[in-house]
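Open the model in your viewer and follow along. Each stop gives you something to select and tells you what is there.

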Amino acid sequence: MCGIACVLNLDSNETRVNRVVIERMRDRLSHRGPDGSGLWEGRAGSIGHRRLKVLDLSDAGHQPMVSHEGRYVFAYNGELYNDHDLRMQLGTLGVKFKSNCDTETFMQSLIAWGADAIDQVRGMYAFVFLDTLTNRVIAGRDPMGVKPLYHTVVDRGDAGRQILFASEIPALLAHPDVDRKPDPVTVSAYLSSVRTTLGERTMFAGVSTLVPGQWLEIPLDSPASSSSLNWWGTDGKMIDRSPTQSVRQTIEESVHRHLRTDVPMCALLSGGLDSAITTKIALDSMGELNTYCAGAKVDGYSDDFAYAAMLASHLGTNHTEVVLTENGFVDRWGWMVGQLGVPLSTPNEVAIFEVASALGNQGHVVTLSGEGADELFGGYAPIMQQAAAHLKELGDKDDVDGGLFHLRSNAWVSEELKPGVLNAPWIVSADGDAHLRSFYRDSFSEISRSLPSESKLEAHLRFQRRMNLPNLLQRLDTSTMLASVEGRTPYADIEVAICAQSLAMDQKYIDGSEGNEAQTKIALRNAFKHDLPQEIVSRPKASFPLPFQHWMGSMTDRMFESQVARSFFTEQALGLVCARPANYWHMAWPMMNLMLWGEQWFGDAGTGDTETWRGKYSSSTISG
């Protein structure tokens with residue numbers, strides 16, 4: 001697991017990149033790669049890399065990796081899970097490997113197949129690959145969205161234009177020519193969804209993200225002729241593959257592939273079904289395993305601890321509990337916003353960071369996580385019940401507003417409430433959320449068109465996968481990497497996704513009727529029901545095991561006095577949230593996060609100078 005930062009010249013420009021600048025960008029990612037740093041410099045620009053050693057701990061895995069003749073340069077963040085398969089395939093083409101590192105495998109795949117390697121590689125990844133002879137770059141992100149990659153273009157006048165890539169937004173902001181401005185569209189969308197991206201848009205104007213499965217191919221000398229393709233079928237490209245194994249075999253195979261490492265590995269164990277399955281498979285393979293659970297020991301919020309302890313005892317793992325307190329939560333919350341450059345999406349990010357720090361301090365570099373099963377196998381009963389009721393109301397009518405249904409039924413700050421929460425100039429600059437509504441509507445329509453007409457509920461589940469899963473994977477990636485730990489997600493694997501999508505809906509979710517409870521993740525529960533205690537197999541989904549609704553009260557004094565908060569929000573909303581944050585938690589959480597973000601990232605060089613914010617981004621000056 002690593003961090004990427006690079007600056008590449010556009011339009012036949014050969015301006016030398018300032019080494020101080022690229023090193024500052026690269027080293028802003030030192031938490032993602034504390035074990036080493038590298039830098040490549042050439043006429044095309046500079047590529048920086050921070051390394052966390054996981055596979056082939058020798059210098060043979062050093063990055064940026066350069067091909068033996070010097071033509072190709074590769075910087076990579078992630079892991080390949082079909083490394084052995086690709087090496088065998090590339091070997092038939094005459095490729096000779098000099099290391100045991102999957103970085104070299106990925107680079108050789110790109111040398112052999114170019115952008116067509118999108119069909120070949122399996123793993124979690126983000127990368128930048130430069131062909132110095134043709135002056136072309138390929139940048140890509142894995143289909144599930146486990147690994148992030150951001151980019152922006154800067155115009156330096158006579159010095160020419162440059163495109164910048166980085167694993168985290170703060171690395172881009174470390175470049176002196178990147179403007180630090182909020183994007184009103186995404187700011188408003190965050191209040192609705194607590195997601196820090198909206199398609200390719202981010203919270204920062206002019207800074208974009210690659211979406212899951214997207215690969216860009218850019219001729220640096222003529223960037224107007226750049227092309228984009230996506231594993232999931234965007235822009236005409238479609239992957240047509242069918243599952244070859246059962247649910248159980250597919251998940252076991254994925255976990256086994258995720259176990260490859262040259263450093264100590266452990267597992268996150270929440271006491272739920274998903275992490276229980278991955279932990280059981282890993283333990284059977286490894287013979288011994290350390291497990292970790294994080295949360296709060298507060299009445300009504302400690303179920304995860306109890307279930308995880310019971311399961312750890314049943315399985316025989318070496319189990320550790322990481323307990324969060326109110327003061328620790330609030331302090332860490334603000335610090336994380338300052339480190340990551342974006343508001344937090346969910347309170348669980350703090351818990352993930354704390355548990356990652358604990359396991360890292362005990363010598364573990366890699367941890368397994370159960371993220372992804374709910375979005376693939378139908379694990380969210382309330383959302384699925386809402387969708388089923390929505391379809392029942394429609395009857396035989398086409399579900400043309402399925403995306404808007406999800407936007408409205410799951411909003412933190414609803415469309416109706418927003419004018420009473422967000423100051424009018426921000427709403428105007430966000431075009432009244434027109435882009436947000438179009439994005440949800442169009443995304444759902446694209447998914448729905450790709451399915452048979454009788455698969456209406458499947459469209460809603462796949463919409464959850466597209467919208468929700470990348471957000472959850474991002475919180476895992478950034479929270480674990482902030483502690484210099486690699487999080488691996490066997491469910492968020494493309495072969496598992498193919499298997500899950502091949503199942504009929506009644507193998508994933510059955511709606512409750514005649515007083516019966518809804519059934520979720522049916523195939524998953526059935527596949528492993530004989531391996532785990534019945535209490536775990538039948539346990540319903542439990543979300544937000546932190547009393548954050550009550551802990552936010554510690555932030556109200558700061559919010560009431562914040563000029564940044566008053567720039568964002570109406571007096572009425574601030575009054576309600578500051579007086580009763582637990583009652584209005586669905587407003588308080590995104591509002592407080594935006595306040596923390598604004599104070600830390602739009603003051604004087606990010607120092608929290610609210611006078612600078614007031615002058616640049618007051619309600620009288622904000623514009624789209």
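**Stop one: a helix**

Select helix α18, residues 469–481. At 1.5 Å a residue, its 13 residues should span 18 Å, and its end C-alpha atoms are 18 Å apart, which agrees. The expected span is 1.5 Å times one less than the number of residues. Helices (H or I, at least four residues) and strands (E, at least two) are DSSP runs, numbered from the N terminus. Now check the cover: 13 of the 13 residues of α18 are buried. Buried means under 20% relative accessible area, exposed over 50%, partly exposed in between (1.4 Å probe, protein chains only).

This is a predicted model, where local features need pLDDT of at least 70, side-chain atom pairs count only at pLDDT 80 or more, and totals for chains, interfaces and linings use all residues. Residues are numbered from 1 along each chain as its sequence is written, and side-chain values use heavy atoms, leaving out hydrogens and water.

**Stop two: an open sheet**

Select five strands. They form an open sheet in the order β17-β16-β15-β18-β19, with parallel pairing. Two strands pair if DSSP finds at least two bridges between them. β17 (318–323) and β19 stand at the edges with a single partner strand each, so one side of each has no neighbour in the sheet. From one strand to the next, the twist averages 30°.

Zoom in on β18 (residues 366–368) and β19: three bridges join these parallel strands. Leu-368 has Arg-488 as its bridge partner in β19.

**Stop three: Arg-488**

Stay on Arg-488. Which residue does Arg-488 meet in a salt bridge with N and O atoms 3.7 Å apart? The partner is Glu-79. Arg-488 lies in β19 (residues 486–488) and Glu-79 in β5 (residues 72–80), so the pair ties together parts 409 residues apart in sequence. A salt bridge is a side-chain nitrogen of Lys or Arg within 4 Å of a carboxyl oxygen of Asp or Glu. Arg-488 counts as buried at 1% relative accessibility. Glu-79 is buried too, at 2%.

Glu-486 is buried, at 0%.

**Stop four: a network**

Select Arg-122 and Glu-253. Their side chains meet in a salt bridge, 2.9 Å from N to O. Arg-122 lies in the loop between α3 and β6, and Glu-253 in helix α6, so the pair ties together parts 131 residues apart in sequence. Arg-122 is buried, at 8%. Salt bridges that share partners join Asp-85, Arg-122, Glu-253, Arg-257 and Asp-493 into one network.

Key:
Axes are lines fitted to C-alpha atoms, for helices over the stretch in contact, and angles run from 0 to 180 degrees between N-to-C directions.
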